[in-house]
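Thank you all for coming. I would like to walk you through one structure this morning, taking the sheet, then the cores, and then the charged pairs.

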Amino acid sequence: MSGFQDVRDVMDISGPSECTARAPPSKKQKTVEKRPDGITRELFALLGENPPPVAIVENKFKEKPRWMGKANPWVWKDFTNPARNDGLVLRHWERKSEESQALDYRFSKFNVKADIPSYSDGEYEVLKDPDWPREETDYLFNLCREYDLRFIIIWDRYDFLDGKTRSVEDLKARYYSVCRSLMELRTPLNQMSPEETQFFGMLDFDKERESARKKMAAVLFARTPAEVSEEEMLLAELKRIVMNQQRTLEERKDLFNRLEMPNSTGSIAPYTGSQGLAHLREMMVSSSDKNKKRKSIAMGGNGPDGAQQGPAVASAADKSGNTAAASQKEAPQLKKQVRKLTDDEEKEYGVMYHEKLSQGVKFRSTMVATNVKGGTAQKVQLALAQLEIAQKLTMPTAKTIKKYEQLQSAVGILLDTRKLLEKVEQELRVLKAQQEAAKEET
Amino acid sequence: MSSLQPTLSSNQAPSTVEYGGDEISAIVLDPGTAWIRAGFAGEDTPKSVIPADYGCIEGAGENGGRKMFIGDNDVHALRPGMEIRNPMNDGIVADWDTAPLLWRAAITSRLTTELSEHPLLMTEPSWNPSKNRERTIEVVFEDFDVPAFYLAKTGVCAGFASGKATGLVIDVGASNISITPIHDGLVLKKGCTRSPLGGTFLSDQIRAYFAAVNIPLSAHYQVLSKSPVEAWKPADAVYRAFAPGEEPTDSYRRFQEDRVLTEFKECTAQVWTGPGLLPSTAQDAASAMLSSPGGRPFEFPDGFNVVFNTERFRVTEGIFHPPSMLTSYQHHPDPNSTLGLNQLIHQSMKDVDIELKQLILNNVVITGAGSLLYGFTDRVNAEIAAAFPGPRVRVMAAGNSVERRYAGWLGGSILASLGAFHQLWISRKEYDEHGPNIVEKRCK
C-alpha cells in the first residue's frame, strides 16, 4: 500500500477516486498472498506460489491468557485426615468452591494396608511348627503387618528375644505356610473358588529353591572383572556361532533347492560330436520359426510343448523324444566305448546298478526302501525310535542302507509275530475261560 | 496462526497424578554438627541456616548465668572471654540444655515465632539411640508445643531429595561419613555404617599438615591490614593487638581458624582420583601427577601464601585410606581400626540382601557438604566400581552445591509437603496418650 502511495506521491497524482478505484484489485491480491508478519514483502514475493520451506519465526508476544470467569479465592482451612484415628486437625490452602466436597481428604485413598491374616488360639493348633514357638510366630505376623510384607525390611528389623537367627527365606516360608494352612482350614480345598485356588497355589513357597536361587544370584554378583569380560566374550562368540549356523542352514537349504530342480536325464552324448553340435545349432535357429521347429521335431515322434523350445532352455529340451531318439540311435556306439568293469573293480570304485531309479538327484538316505507295508511300517518306526536308532542314517553307504533295510524288515517280522502271538494268547485265554465256565455249569 | 500450548487455568487444580503435594506449612528442621537448617516444607532450600556452634560467656547473663550468642552474626563477633561450643557429639545431641535453644533460634529467627501452629519434621542420623529420640519428642511437644511431629532419618531424606526410595546414601557430614542403605524409604539398619572421617577430621588433618611443615595459620580477625608477599615468604601484615584480659579465647581462635581451613578445603584441597591409592612418597605422587595441572596457590588471611602440589591430595587421602592419615595431633581417629570410605561401603553392602544389592548399587547417592571436595565423586565412583565389578554402578551426586549440602533438609521438605504423608504425623493427642515412647513405634 505504501509503495502504491509512494508512486502516486512521486508522480504527483492525487485524488481519492482513483485511489479507491485502484484499491480492489490490490486488495484481492493481498488476500491471496496472506503474507505473515515476520517477513518482508520482497522476500515473500520471491517465494512465489510455494509455501516457505522453513518455519517463519513470528516475533510476537505470547497471547494473553483468557481467564474463564472470575478468579477463585483460596482459603486457609482446617481439615482432618480420615486415615488417622486421632482427629488431628491440620490446615492447608483450599479453593473456596471445593469447600463443600472437601469432606473426604483426597490423599486418604493412598492409605492402603496389606491384608495379613490373623489366627485364633484354636486355629493355631493346626499351624504348630516345632521350629517356631507361638510367640515368635505372633512376632513375625506383627512385623508383617507393620512393614506391609516387605520381607527384606522385616528381616532387617527382626529381633526376637533369644530366638534363632533366621534368614529371609525362613521368615517367608513360615509366613506363607501359616497363610496356606489357615486358608485350607477355613475353606477346604474342594470348596474354593477358582480365584481362591489360584491364590492358594501362589502361597506355596519353595524355600530350597529360593535359597538356591539366591545363592546363584550371589555367585553372579561376586564375579570378578576377568570373569565378566570372559562371559561377555563367550556371549559374543555364541552370537557369532548362532549367526553362522543360520547362514549355513540357509546355504544348505539353497543347495537342496538347487539339487531338487528338475534336471535333464538325457545324456549330452548327441551333442558331443561336431555333427551333434551342428544339429543343436540348427535346432536352436529353427526354434524361432514354429513351422520349421515342428518339422524338425516331427522325426523324433512326440514333440514337446512350444514353450519349452526357447533357446535358453535348450538343455531342458533334451528330454524331449527327439533327443531320446538320437540317444537310442547312438546307444550301441556308446556301449563300445564303456569298459566293462569286473566285480572287484565295481566294488572298489563304488559303481553299482539300480533296478529302478526315478528322475533327479537324490540322497541315498532318502531312498531307503520300506520293506514293511501298512500299519506295521509305523510301528517299526516307533520301535526303532525306542531303540534310539536314527530314522535317517548319518552315513548312508550302500552297505549300511542294505543293513538298515534288513533291520527294518526283521523288526517288522518280529512285530508281526508278536502281534500274532498276542492274538493267539488272547484267544487261548478266552477259550480257557469258556471252558472253565462250562465246567462250573456242569 | 501460532497454536498456543493449553496452559493450566487457575480455576482447575492440578490432577493428583501429577501433583501429590499438600502443603500444611510444616517446618522442617535438620540439625547437624556444623549447621542447623530450618525452613518451610515444600520449599527447595532452607530459609534459615545457622551454625551449630554457639558462643557463650559464663556469668555474663541474667542472674549470673551464661550469656549465649547464637547465629552467624553473633557467633563470629569478637568478644573477650567468649567460648565457642557445640552441643553435638558424633552427629547426635550431647548437650540437651543448649541444642533445643539452637533449634528454636533457627526457627524463630527467620521462619515463625508461633511454633504451636506448625507441625514440625526433624531429621536424625540412623545411629540416634532411642533415648535421644524420646528426648527429642519430649522437647518438641513440651517445650516447643508443636501440634504434630515426625522424626525422619537423614539418609532416607537425602535419598528422597534425589528421588530415590531405594539406594545407598553416602553422607559426608562434619562429624561422620555415614553410609545408609535404604529400601522403600526405610533404613536397612544392619547395613548402616559410619566413620569419624568427616569435615572436622579433614580440618584437623589440614591443621596437622600445616603444623608439620611450619605454615603459620592465621584467622581473619587477627589481621588488620596486609601487603602482598612472595610465596613462602613471611607475611607482611599488621596484627590486631589485644589488651591483657581482652584476648579472645582459644576456642574462638580455633573456630575462626577453622573457617580458613574450610576455605582451604573449598578451593585447594583435592581428592586423588586414582587409579589406585595416592602414591605413598611425594616423589611418586609428583611423577604420577605429571599429567595433571600443576599446583594451586592458597593465601592465608595475613598474606602468607603457598602453592600446594601433591600436599593438597595428601590431606584428603585419610578419608579413603585411614592408615595414611596424619596422626600428629590429639584425639585423632585410630588409623588402623577406622574404616575408610571404600571399606565402609563394603561393610554396608555385606548385610544387604542379594536381591537388593544390584538395585542399591545402581542408586548410590552422594550428599553432604564434605562430598563437594574436588574429585570426591570420581574417586567414590572408581572405588565402588573396583569393589563391585559385576553389577552396574551408578553414582548420583547433585551438581548444585546447595542441593548437595542441604539434601537431608530437602528430602524432609519433600516428605512433609506430601499429602499422603500427613497420616504419619505424631499428633499431640497421641503423644499425650502414649508418652515419648511413641516415637519408636511410629518413626521407623
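How many bridges join strand β1 of chain B to strand β9 of chain B? Three bridges join them, and the two strands, residues 27-31 and residues 120-124, run parallel. Before I go further, please keep in mind that this is a predicted model, in which local features need pLDDT of at least 70 and side-chain atom pairs count only at pLDDT 80 or more, while totals for chains, interfaces and linings use all residues. Residues are numbered from 1 along each chain as its sequence is written, chains are lettered from A and ligands numbered from 1 in the order in which they are written, and side-chain values use heavy atoms, with hydrogens and water left out.

Let me stay with the sheet. Helices (H or I, at least four residues) and strands (E, at least two) are DSSP runs, numbered from the N terminus, and two strands pair if DSSP finds at least two bridges between them. In chain B, six strands form an open sheet with mixed pairing, in the order β3-β2-β1-β9-β10-β21. Because β3 (48-51) and β21 (426-427) of chain B stand at the edges with a single partner strand each, one side of each is left without a neighbour in the sheet. Within β9(B), Leu120(B) is the bridge partner of Ile27(B).

Now to the cores, where a nonpolar core is a set of buried Ala, Val, Leu, Ile, Met, Phe, Trp, Tyr and Cys residues joined through side-chain atoms within 4.5 Å; buried means under 20% relative accessible area, exposed over 50%, and partly exposed in between, with a 1.4 Å probe and protein chains only. The largest nonpolar core has 76 residues, and among those with the most contacts inside it are Ile170(B), Phe210(B) and Phe376(B). Its largest share, seven residues, comes from helix α7 (residues 168-186) of chain A. Apart from this core lies another, of 56 residues, including Trp96(B) and Trp409(B).

How do the two chains meet, and what does each contribute to the contact (heavy atoms within 4.5 Å)? Chain B gives 51 residues and chain A gives 44 residues. Buried area is the accessible area (1.4 Å probe) that two parts lose on being put together, summed over both, and between chain B and chain A it is about 4,000 Å², of which carbon and sulfur atoms give 56%.

Finally, the charged pairs. Side chains of opposite charge can pair when their charged atoms come close. A salt bridge is counted when a side-chain nitrogen of Lys or Arg is within 4 Å of a carboxyl oxygen of Asp or Glu, and the count between chain B and chain A is six. One of them joins Arg84(A) to Glu430(B), with the closest N and O atoms 2.9 Å apart. Another salt bridge, with its closest N and O atoms 3.7 Å apart, joins Lys214(A) to Glu355(B), and this pair crosses from helix α9 (residues 207-221) of chain A to helix α10 (residues 354-361) of chain B. Lys214(A) counts as buried because its relative accessibility is 8%, whereas Glu355(B), at 36%, is partly exposed.

Inside chain B, Glu257(B) forms a salt bridge with Arg207(B), the closest N and O atoms being 2.5 Å apart. Glu257(B) lies in helix α6 (residues 250-267) and Arg207(B) in helix α5 (residues 199-212), so the pair ties together parts that are 50 residues apart in sequence.

How values were computed. Contact means heavy atoms within 4.5 Å.
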